[in-house]
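Welcome, and please have your viewer ready. We will go from stop to stop, with something to select at each one.

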Amino acid sequence: MFKRIAALTLILMLLSSTALAKVEKGFTMYHGDRGQKRVCITIDDLADTEMVQAIFEYGQEMGVPMTFFVLGYVLDEKDADLWRAIAESNCEIGNHTYNHISLPDQTQPVIVNNLHRVENRLDEVLGYHYQMRVMRPPYGNVYVNGTTSTVANAVDAAGYEHMVLWDVSQTDPELCIKDVRNGSILLFHSIVKDLNCLKVLIPQLIEQGYEFVTVSEMAELSAGAEMFH
């Protein structure tokens, strides 16, 4: 009897570790396929809705889709037209938590609830359901005891396909262009400095032949090991 219990315990441990490894290997995304000349422009926080509007409109003018990672508390009915325009464009809206909490400091139920609060708030503002597929952890904090499994499994439990970080974070266009590679995910915020950078950077990337895609579009490319960490 004891041997049977021990064997069952071992099997459950192995299944659990396999599940954790599966989430950790393919869940935390730093960049896309290095074999594809594509990049993602991502915008975080979005507290300054006037700047969000300006960045969104510039992207539309240039034919560049962007991924907007919104904080739940900034979503307001008075900006409903802006959020609907983004949701119904070639862009996408991702989850950045409700109030910019550091996820490694939270329990799984707290993380799940926080992410769902953003979804519910966005639906209230839009007036219809919008399916969020990707999220970005505040500060890029995802490690607990040297692994992303704890946070990744909480985000997965909330129904997200990827936890998205980045490989380019630079607001000087001359320095930024040097860091961009195939598959790069570029981090920006809704502030004047970042918009000014984008106005210089985007034409240069277009000239170099890069295609712009959302994070979800990037994630649907061939999911080689290089794509994830």
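Helices (H or I, at least four residues) and strands (E, at least two) are DSSP runs here, numbered from the N terminus. This is a predicted model: local features need pLDDT of at least 70, side-chain atom pairs count only at pLDDT 80 or more, and totals for chains, interfaces and linings use all residues. Residues are numbered from 1 along each chain as its sequence is written, and side-chain values use heavy atoms, with hydrogens and water left out.

**The whole protein**

Start with a cartoon view, where you can look for eight helices and eight strands. Of the 229 residues, 52% are buried; buried means under 20% relative accessible area, exposed over 50%, and partly exposed in between (1.4 Å probe, protein chains only). A contact means heavy atoms within 4.5 Å. Among contacts with a separation of 6 or more, 80% are between residues 24 or more positions apart.

**Stop one: Thr214**

Select Thr214, in the loop between β8 (211–212) and α8 (215–219). Is Thr214 buried or exposed? Its relative accessibility is 5%, so Thr214 counts as buried. Leaving aside neighbours within four places in sequence, Thr214 touches Cys40, Pro65, Met66, Thr67, Asn90, Cys91 and Glu92.

**Stop two: β2 and β7**

Cys40 leads us onward. Show it together with Ile185 of β7, which stands opposite Cys40. Strands β2 and β7 pair in the parallel sense over five bridges; two strands pair if DSSP finds at least two bridges between them. Now colour β7 (residues 185–189) by accessibility: four of its five residues are buried, so the strand is mostly covered.

**Stop three: β3 and β4**

Next, select β3 (residues 66–70), which runs parallel to β4 and is joined to it by four bridges. Val70 stands opposite Asn95 in β4. To get from β3 to β4, follow the chain through helix α3 (residues 80–87); this β-α-β crossover is right-handed. That term applies if, with the strands pointing away from the viewer, the path from the first strand over the helix to the second runs clockwise.

In a regular strand the side chains alternate between the two faces of the sheet. Show the side chains of β4 (residues 92–95): Glu92 and Gly94 are on one side, Ile93 and Asn95 on the other, and all are buried.

**Stop four: two helices**

Select α2 (residues 49–62) and α7 (residues 192–207), whose axes come within 10 Å and cross at roughly 10 degrees. Axes are lines fitted to C-alpha atoms, for helices over the stretch in contact, and angles run from 0 to 180 degrees between N-to-C directions. The two helices are therefore roughly parallel to each other, a label for angles under 35 degrees. Helix α2 brings Met51, Ala54, Ile55, Tyr58 and Met62 to the contact, while α7 brings residues including Val192, Leu195 and Lys199.

Most residues other than glycine have a negative phi, and most peptide bonds are trans. Select Thr97, where phi is near 75 degrees, a positive value. Thr97 lies in the loop between β4 and α4 (108–126) and is buried, with a relative accessible area of 0%.

Tyr139 also has a positive phi, about 65 degrees. Look for Tyr139 in the loop between β5 (134–135) and α5 (149–157); at 54% relative accessibility, Tyr139 counts as exposed.

Finish at Gly32, in the loop between β1 (28–29) and β2 (38–45). Which distance separates Gly32 and Met218 in space? Their C-alpha atoms are 5.8 Å apart, although the two are 186 residues apart in sequence.

Conventions:
Parallel < 35°, antiparallel > 145°, perpendicular 65-115°, else oblique.
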